[in-house]
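Subject: Predicted structure, with notes

Hello,

Here is the structure I said I would pass on. Please look it over alongside the notes below.

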Amino acid sequence: MSDEEGKIGAVMVVGGGIAGMQAALDLADTGYLVYVIDSSPSIGGAMAQLDKTFPTHDCAMCILSPKLVATGRHHNVKLMMASEIDAIEGEPGNFTVSVKRKARYVDEEKCTGCGLCTLRCPVEVRDEYNQGLKLRKAIYLKYPQAVPPVLTIDRDNCIGCGVCETQCVAGAINFSREEELVKVDIGSVILAPGFSGFDPGLKSEYGYGVFKNVLSSVELERMLSATGPYRGMVLRPSDGRMPKRMAFIQCVGSRDVQVGNPYCSSVCCMFAIKEAIIAKEHTPGLETHIFFMDMRAFGKEFDEYYIRAEEEHRVVFTRNTRVSSVSENPETNNLHLWYSEHGKMRREEYDIVVLSVGFDSPKDVEKLAEKLGIELNEHGFCQTDMFTPLDTSKPGIYVCGAFSSPKDIPDSVAQASGAACRAMSDIAGARGALVTAKEYPPEIDVSGQEPKVGVFVCHCGINIGGVLDVPSLAEYAKTLPNVVHAEDNLYTCSQDTQQRISEVVREKGLNRVVVASCTPRTHTTIFQNTLKEAGLNPYLFEMTNIRDQCSWVHMNDPERATEKGRTLIRMAVAKAALLEQLRPAEVEIVKSALVIGGGLSGMTAALELSKAGFDAHLVEKDSELGGLLRRIHYGLSGEDLQGFLKRLVKQVEDDDRIHVYTNAELKEVSGSVGNFTVVIDSEGEETETHQGVIIVATGGEEYEPTEYLYGKDPRVMTQLEFEEKLAKEGEIDAKCIVMVHCVGSRTAERPYCSRVCCTESVKNALRVKEMDPGIAIYSLFRDMRTYGFREEFYREAAEKGVVFVRFLEENEPVVRVDDQGRLEVIVLDDILQEELLINPDYLVLAAATLPARGNEELSRMLKVPLNSQGFFLEAHMKLRPLDFATDGIFLCGLAHLPKFFEENVSQACGAVSRALSILSQDTLEGEAIIAVVDESKCRGCGVCVDTCEFGAPSLKQLEDGRQVSHIDEALCKGCGSCSVNCCNKAISMGYFGTGQILSMIESCFPETETPPAEKEVAEVKEVTET
Amino acid sequence: MGFLCNWCSYAGADLAGVSRIQYPTNVGVVRVMCSSSIDPVILVETMIRGADGVLVAGCHPGDCHYDIGNLQAERRVKVVRRLLDRCGLEPQRIRLEWVSASEGMRYAEVVDSFVEEVGELGPNPVAGDEPDLDILERLYIARDVLGDFRVNLLVNKEHQIEDVSNVFGDTIPKERMDELLDTATSEEFSRCSLLMLARDSPVSVQQMADRTGLPEEEVLDHTVTLVDRGLLKVDRVDDGSPLYLTIPQDRDRISTLPAWARVEKRSIELSIKNLPDVDEATKGWIVRELLLTLRCHNCERRRSNACNFSVCIRGLMSGVVG
């Protein structure tokens, strides 16, 4: 089961949240067997509880559920739910893990997740998923879209009455299950156990748990959700009324030494803004107020979102406050919020107070850490190193997501891909060793045959059969044109029915199959595989949904529901007759990657690619490697970055698989995923190469300020210049230094936050204090954005006497040279409301980080988009932070957004992981449902080229000189918008073709005007007669 | 009204007769096979029809002809008494007594004392020409609660789970089961009350709380559950308060049967229409059986509104055709 070095091609991912799922999918796509274990009965983690995500307001479940399904159905992923690690032994590349699997008392193979058992269970329990705002039963599905869709008996609350067993038609309930210990052999471990929410009851001054209308932010999130307790309405728990005024208190359980959480939880600011906006949308006339200390909107488009919240949505922000206490008016259950503003105590009244709860380390993590032998930091999160942010203290065990530090979804996803990359590098040789591709019989060509349709109608236990008259539907189907076989099954998706379908196809020579059952979104693949086993092309299959969109929603009207079922089947059969065989295009993959940019991200990516066994072509525009890192000398804890850089460059240069091009730029890029043709101009010499994938790591650069006398007075410098000075000179001769934050960031011209400068300023201030504690340092900031564990350095700096002065955007500091030649800084301290006058020896500006200058040209060349600020725009802000919408091109590092050293390393590894899912395959199967051009009709107008989001169509010249559209099969996603836009209807879609859809419409409205009731009788008669 | 079990109490009453022991005339007797066969719904129904008191008499513990039927009866009566209390009727109006076949004297004494006690309580307030409509309405609610699967199931399974063995081979302590049953009875009563309240016009949480005397937060919690069960919906929002309306359970009610037997005749007929190898007479029999028997042949639980018959049909068919 392992390669020649004894490495095992399997990985265990601990935690099935969004990070765990992403890591698992990357690994599984790259050819590793993945075990996902989670203590919960379902995967999905914290994201599954969310209503919307910031800053795009994507519905969390809508974007999560495809990932849930992909993880649950992936043939290389094994889910081990309600399980925990008991012990681990072995070494990197070859571990044996004992996993304790709790009994769920429901057979995962048999349960269909219909949930009938829950209706009859007599025991009601507070539902944790809905934060106790709702009840669930003792047998339950964690949430409606849960994967695996298998019920679980909550043994702590179950009284063992056994009624669920009598309800289960599938016979899935099994009370004799017991906890078992399973041994699993794996090569690496990835830890993604996430976090646990801070218990707001610990901040007793806010009255959580005492005052009914004090909620946690997670409770509010559940209220906002359509699947929540009040179906999306926000109601006061005390009396069920809609609130008129709602306040958010920030930093509950974050940045709070008293409760033992001195760190910043990184996400709550944005979380609160999102909830404040959505709550307003859900509640007419609602006012929302956010009380906060610093607004930490440091992510992509976050500051813009913050501004929109204030200006468009009229969310009221009150800064500089830690609310001191909340009291309740016992008559009205209204809440009084006590806080100080500019030194005065104030009181405001609200209907609901929401506590923005921070992140605690995951529950029971100490036990896990002890069993695995990994170190935790002082806060109970995973201990990591700046240079290896994805590695735990134990080799072979990696970490990602909130467990390494509080973080939001995209950062977790990027890290998860990164951890997957690290986990693979230990077992690169064992890639593919444990996964087997399924073999299917050769496909029978049915083209030209008369359609012979088989219809299988599912009872789905009693989910469909309890409402619709399923046997009559099957009988009815027999009467439809082209149908040669129809039958009803208790469960069409069960293993034995699948086999039966295969047999029927062979016996009766069926060449089209229709299944009328549940939703095609989850079940199409199962049936398509059945067709493949029967030797049919999988696209000769059509499915119609008579459960989710018929029996479940017309329970009280069985007759008309059955009539609708007949219509749906008739439509499916009509389409099926016109189905054609489709075969996805195959592209051969060049096993080499192009990495654009030779900074920290680019070099890290190139090295990881090489470790995985692939060539990397590294293109750097400068004469030497290193990028911006060349100007950064030390880390927050004094790490030697220049020493690190030297070693990194040497590693890259010594690596045979890495081809470095310096003084280089791209001249031309063509082709698509699997085979890009790239022309590189390096040192004036042009080289043409072929690359399977492209990683964009173009980095960024420091803004050259025009403000504050920069460039006019030598005492004014940027943080990078100042750092260089400190590093080179080792000392500084000054009595007073002033630092100004947000120079060039968060301005009208550049509304984004440069993310790193607050921490850079703190770092340099600490450095100066270390050299000479007597030097006075004033740090003039707008919001201190030292998120995560960086908060502690901020505190340290304040303790060491660095004076932090907040100024508002409209009161920017004034800098001039006074008549004695001294620098003079005048600033209005927003907290004390006093004007300060300081005469520093040096004025250090935290200058913005700008996107690399060549981004625009590169974006045109690669046909990938930039955002309005000139950073590259990923495929999806939440769940695809490292991908472009165009397949085969990835991004990482500052090309995406300004970010820290360790974040760049994580992202670079992550981009490699994403790239490896392509590079590891020999050929790439494209979509089969794609657009096809009829060249005889095409006039070459090019509308399709403009329409396509993915760059699939292009114009090509035929031999006769005509311009026609050409669809790149590897790039086409099959959305079909080009076929609609096509002026001459020269483009058609497979599987969802106009003809097929028309046939469905026609059959939906049959010509005969027989009233349904009479018709039904007539049909039944006919059936009985025959 | 008195319900006497065939084997002990009815015999005991006969013995009183044979012995010519005199007792008041106020008790009308219904003979049943076992005290456990008296549906709690019947007990409530008796009160609704105006009985001043209900006597249930069975064998002494350990003597039951059907092993533990009398203990089952004890549990049921306990629940009914609790519900009567909730309705505003004195729980003493329902009394359970153990009378053996040899206790003719005791039977007379029991009747004596019960008649006296009930006499002191006075007439049933829902009886007569001017019934107390509040109490009557609550009795209807109690009837609905007892027709509901949840309370029923707990009552029926209590003995098995508490004293014998549940499906995991454990037993659950009496206190826990009592608490569960108490909670379930009280919750379902509240919920049925809310459904009754919201039946005709939309009401807010505050109005429901005012009219039922329940705390607003508890009412809100019940609305969540009822909306989930598909029995209640938000009709509209008025002045910042959602107004709730009961969703009429529009079904073919069989008027001669009590509330708990409201079943979907049509859905049964539809389900069995295409059963193979079954003649029309058998189909008719199945429909009748399903409508008229109190307990489903398959799952041995009472059918209720939400019962879906295809399961039962499968159970029935195994006896009929298979």
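Residues are numbered from 1 along each chain as its sequence is written, chains are lettered from A and ligands numbered from 1 in the order in which they are written, and side-chain values use heavy atoms, with hydrogens and water left out.

Salt bridges

Over all chains, a search of the whole structure gives 91 salt bridges (a side-chain nitrogen of Lys or Arg within 4 Å of a carboxyl oxygen of Asp or Glu). Buried means under 20% relative accessible area, exposed means over 50%, and partly exposed is in between (1.4 Å probe, protein chains only).

In chain A, E475(A) and K478(A) form a salt bridge through their side chains, at 3.3 Å from N to O. The two are separated by about one helical turn because they are three residues apart in helix α10 (residues 470–478) of chain A. E475(A) has 30% relative accessibility and so counts as partly exposed. K478(A), at 43%, is therefore partly exposed too.

Helix α7 (residues 174–197) of chain B holds K174(B) and D178(B), four residues apart, about one turn of the helix. Their closest N and O atoms are 3.2 Å apart, in a salt bridge. K174(B) is partly exposed, with 41% relative accessibility.

Helix α7 of chain B also contains E188(B) and R191(B), which are three residues apart, about one turn of the helix. These form a salt bridge with the closest N and O atoms 2.9 Å apart. E188(B) is buried, at 2% relative accessible area, and R191(B) is buried at 1%.

There is also a network of salt bridges in chain A, which links R255(A), D294(A), R296(A), D303(A), R319(A), R746(A), D783(A), R785(A), E791(A) and R806(A).

A covered strand

Strand β30 (residues 592–596) of chain A is mostly covered, with five of its five residues buried. S592(A), L594(A) and I596(A) point one way from β30(A), whereas A593(A) and V595(A) point the other way. β30(A) pairs in the parallel sense with strand β31 (residues 615–619) of chain A, over five bridges; two strands pair if DSSP finds at least two bridges between them. Opposite A593(A) stands A616(A) in β31(A).

Surface patches

Patches are made of residues with over 30% relative accessible area and no salt bridge, like charges being joined within 9 Å and nonpolar side chains (Val, Leu, Ile, Met, Phe, Trp, Tyr) within 5 Å. Accessible areas come from the Shrake-Rupley method with a 1.4 Å probe, and for residues only the protein chains shown count as cover.

E84(A), E179(A), D364(A) and E366(A) make up a negative surface patch. D364(A) belongs to the loop between β23 (359–360) and α8 (365–372) of chain A, and is partly exposed at 46% relative accessibility.

F992(A), I997(A), L998(A), I1001(A) and F1005(A) make a nonpolar surface patch of about 500 Å². F1005(A) is placed in the loop between α24 (994–1004) and α25 (1012–1025) of chain A, and at 61% relative accessibility it counts as exposed.

Backbone details

F54(A) and P55(A) are joined by a cis peptide bond, with omega about -10 degrees. P55(A) lies in the loop between β3 (52–53) and β4 (58–59) of chain A. H57(A) is also found in the loop between β3 and β4 of chain A. Its phi is near 60 degrees, a positive value in a residue other than glycine. H57(A) is partly exposed, with a relative accessible area of 21%.

Another cis peptide bond runs from V147(A) to P148(A), with omega near -5 degrees. P148(A) sits in the loop between β10 (139–140) and β11 (152–153) of chain A.

Q131(A), which is not glycine, has a positive phi, near 55 degrees. Q131(A) is in the loop between β8 (124–126) and β9 (135–137) of chain A, and is partly exposed at 28% relative accessible area.

Regards

Technical notes
This is a predicted model: local features need pLDDT of at least 70, side-chain atom pairs count only at pLDDT 80 or more; totals for chains, interfaces and linings use all residues. Lys and Arg count as positive and Asp and Glu as negative; His and the chain ends are not counted. The place of a charge is taken as NZ of Lys, CZ of Arg, CG of Asp or CD of Glu.
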